[in-house]
Amino acid sequence: MKLINGSLYIVPNNIRRDLLLELSKENELKNIKFMSIKEVVDRFGYYEEDALYYLMKNYKYKYKNAKIILENIRYVDNKKYDNNKLDNLVKIKNELDKFYKVDELFLKELNHYSVYVYGYDYIDSYSRNILDKINTNYLKPESNDYKHTIYEFEDMFSEVSFIASSIRDLLDQGIDINKIKIVNYSDEYYFIMNTVFNMHNITINLKNESIYSTNICQKFLSEKDYELGNDYISNKIISVINKYLFIEDEDIKREIYINEFKNIKLDKKYENAVELVNLSEVKEDEYAFLIGFNDGVIPRIYKDEDYLSDKEKEIIGLDKSYEITSELRSSTVSNIKSIKNMVITYKLKSTFNDYGISNLNEELGYDIETGSKYNYSYSNSFNNLLLGIDIDNYIKYLDYSDELELLFNNYKSTNYNTFSNEYKKISKDKLYEYLKNKLTLSYSSMDTFYKCKFRYYLNSILKLDKYEETFAIYIGNLFHYVLSKAFEPGFDFDKEYNSYIERDLTIKEEFFINKLKDELVFIIDTIKKQYSHSNFKNALYENKFSINKDSSIKVDFIGYIDKLLYEEYNGKTLLVIIDYKTGTQDFNLCNSIYGLNMQLPVYLYLSKNGDIKNAEVVGMYLQKILNNEIKKDPKKTYTRLKEEQLKLTGYSLYDEEYLNEFDDSYEHSEVIKSLSKTKDGFSSYSKLLTKEQMDELYKLTDKKIDNARDEILDCNFDIDPKRIGFNNVSCTYCKYKDICFMKEDNIKILDEVKDLDFLGGDTNA
Ligand code: SF4
C-alpha cells in the first residue's frame, strides 16, 4: 500500500505494525497517523474511569457488566423508547453525563488529514456512521478470483503436522518466515500447534498471555507493601494504579485491577516468526494457511445473544446478528478469493467434536484433496513421536499404518512405552523460599495430602487448581451465608438472601434460585424446631480457628466451623459442632487412622483449642442442607421425610446427662439421626463415642497434623494414591491424572478398617 502524506490510516494492529515498518524504510519524512477503529470511535465520545466506578459502586455491577453498560449506553439517545432495557440505559446515560468526554482537539486535528480505513472484515453500523461523518475512504483489497485447494485431514494432529511440514517446505524454498501467516486460529489448536511447530523448529507467535498471571502481578495483588520495579509489567501496573487513584473502596479497586491486568498482554513476541492474522490482513506477497475450514467455525455465525437483543438493536438502528453473519460471510468469500498464496485445511474430528467442511465451499467450489502426505525429512523427534503413535494403534487396534514400516526401519531405537513418573525430591531451601517461610494447612489440604502426596503438591504448593465458582458452588455459598445469619436477632430473610445475589443470572439459574429460596426457608424453620429440643442457647457462626504449628518455618493450621453451639453446664462449656453440607460426605471415622475423612475430628481438635475454656464436645455432626433425593416411605408425609433428611449425622458423646442438655428427645431423637434407646440401652445404630475415645481421637488428629506438616516440610511428595478394599480413594475425582501418569505400582493398598477399635474401648452402644 502506498502511504500518502497527511493521512490517517485506520487499520487493525497487525497491519499497523507492518505499515509502520514500511514507513520506517521510506526516505521521505511523512506526516502519517495510524489508529484502530475503536481508538477513533472512542475519541468521539468516551466515559472517564469515574463512570465505571459509579456503576460498580451505585449499581453494584461487576466490572464486566459495568463495561457492557458503558459500551451500550453510547447507542441510545436521550428519549423514551418504551423498552425497559433501553429506557434503563437512557437513565444511566443521563446519570453518567458528567463523566462523558469528547476529544475536541482530536476532532479539530482530523480536518488536516485524509482518512482511510483498511483491513476490517466487518465494521458495525455505529462506527460506520462516525467514519462516514469524517469522510473516510474505504480501501478494499484488489478483488481477485484465485483458485485454492482444500486439504482434508482425519484429525487436528494430522492437519497441523501437514501445515508444519508445508511451512518447512516454504522456508527451504527461501520464503521469509515473516511472510507466512496462520489464519482462523482458535485456542483449540494451541497445544498441538505449539508441540508440533516446536519439533519442526518453526517459531510462531501463538496467543499472548496477560500480565495477570505473572509473578510480579500476583505479588502486587497479594502483598501489601510490594515494591514495583521499572520493568514492562511494573510500568503497566503503575499506569492502572494511576488511573484509579481516586477510588476509596478497596474491594472495587481490587476487582478493577484484576480485570484490567487480565486485559494487558505481555510484551512477548518473537521477532522472526509465523504470525496469526485475520483473513483481511493477509497481503498480496504473503503465504497464508487457512486452518480449521470447518462448518460452524468459518464463517462465524453471530447469535442473538448480545446484551442488546436483535429486537432492541432494530429499535436503535444497530446491525442485527443475522445481518452481521451475512456481511461476514460475503467478506470472507471475497477475502479468500483475493489471497494469492493460500493453503486451506480442515479436520474431520478433534478431541471433543466431529466436523464437516465449511459450507462456504458451496460458494467457492474448490477441489478437496484427501490423504496428503507429511514430509518426514524435517524432524527426527517428530518422526519418533509418529512411530510411537503408530505402534500404539497397531498394538491396540491392529491398525497397520502405511508409514509404520518405514518409520520402524529408520527409528528402531525408539523408547516406546518407557517412562518414569517418579517424583524427584525438590530441595527444602527452594520449597521454603517458594512458601516464603510460611505454610498454612487445613482439613482439606491435609485430606488431599493423605490421599496422595503428589496431588497435594500440585494442588496446594504449586496451586495448579484454578478456582472457578460454578453455579453449584454459588448456591452452596449462598446457603451457608444465609444460614450464618438466620439465627441472629433481627434476621431479615429477603434482605440477606437478595443481598447475596448480585451476579447476573441466566433464566435457568434464576428459576433454580427461586425454587431453592423456599427450600432454604424450610431448612431454617426445621433447624428452629430442632433448637426447641435444646438448652444450648449460644452460637458462633463461620468462626475461624487458627492453631500454631510452627516447625522449621511458620506453620498455621486453620479451619472455619459453620456452627458451634455451646452452653455453660456444671462448670464446663458443652459444645456441639455442626458443619453444613451441600454434597455427599462420608462422616465415618474408620479411615481417620490413615489421616483420611478427618473433617469431624479436625473440628473437634480446633474447637478444643479455641478460646472456649473447659470445653467438652457433646457431639460433632454434618447437616445435609441440599438433598437431591428423598426416599419414599408410605408411612410418612413428604414434609416429615424432608425434616428427617435434615437431622444431624455424626457422633455423639456417650453421656446421657450432657446429651439430654443438647437434645431432650435423645432417647428417640428428633434432632440426631439414628440416635435412640431401646430397653437394652442405646440402639446399635446410634453413633456414640466415650469421653476416652473422644480424647484418643483428639490425640490422633494432633499426630496426623504434625505428621503431614513434617512430611511436607521434608518435601515428601511421592505419587502414592491409596486403595482401600476395591476402592481407589485418591484418584477418582483428581484433576491431575494427565500430569502424574499414575501407574499401578504407585498405589498403596491399605487394609479396610471396619470399627473404631484403634480408639480403644467399645464404640457404639
Ligand atoms: S490421579 Fe491419583 S496418583 Fe495422580 S495425582 Fe491424582 S491422586 Fe495422585
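**Note on the predicted model**

1. Buried residues account for 47% of the 765 residues in the chain. The structure under review is a predicted model, and the values below should be read with that in mind.

2. Overall dimensions and surface. Taken along the principal axes, the C-alpha atoms of the chain fill a box of roughly 100 × 80 × 60 Å. The chain exposes about 41400 Å², and carbon and sulfur atoms supply 48% of that area.

3. Secondary structure and contacts. The chain comprises 28 helices and 25 strands. Among contacts in the chain with a separation of 6 or more, 73% are between residues 24 or more positions apart.

4. The ligand site. The ligand sits in the largest cavity. Around the ligand are Cys452 and Arg455, together with Ile719, Pro721, Ser730, Cys731, Cys734, Lys737, Cys740 and Met742. Sorted by class, this shell has 7 nonpolar residues, 1 polar residue and 2 charged residues. Arg and Lys count as charged, and the shell includes Arg455 and Lys737.

5. Isoleucine 216 and its surroundings. Helix H10, which spans residues 215-222, contains isoleucine 216. Leaving aside residues up to four places away in sequence, isoleucine 216 touches Tyr226, Leu228, Asp231, Ile233, Ser234 and Ile237.

6. A distance across the chain. Isoleucine 216 and lysine 515 are 299 residues apart along the chain, and their C-alpha atoms are separated by 44 Å.

Terms used: Residues are numbered from 1 along each chain as its sequence is written. This is a predicted model: local features need pLDDT of at least 70, side-chain atom pairs count only at pLDDT 80 or more; totals for chains, interfaces and linings use all residues. Side-chain values use heavy atoms; hydrogens and water are left out. A residue is near a molecule or strand if one of its heavy atoms lies within 4 Å of it. On a 1 Å grid over the protein atoms alone, a cavity is a set of points where a 1.4 Å probe fits but cannot get out, and a pocket is an open set with protein on both sides within 12 Å along at least five of seven lines; lining residues have an atom within 4 Å of a point. A molecule sits in a cavity or pocket if more than half of its atoms lie within 2 Å of its grid points. Helices (H or I, at least four residues) and strands (E, at least two) are DSSP runs, numbered from the N terminus. Buried means under 20% relative accessible area, exposed over 50%, partly exposed in between (1.4 Å probe, protein chains only). Contact means heavy atoms within 4.5 Å. Accessible areas come from the Shrake-Rupley method with a 1.4 Å probe; for residues, only the protein chains shown count as cover.
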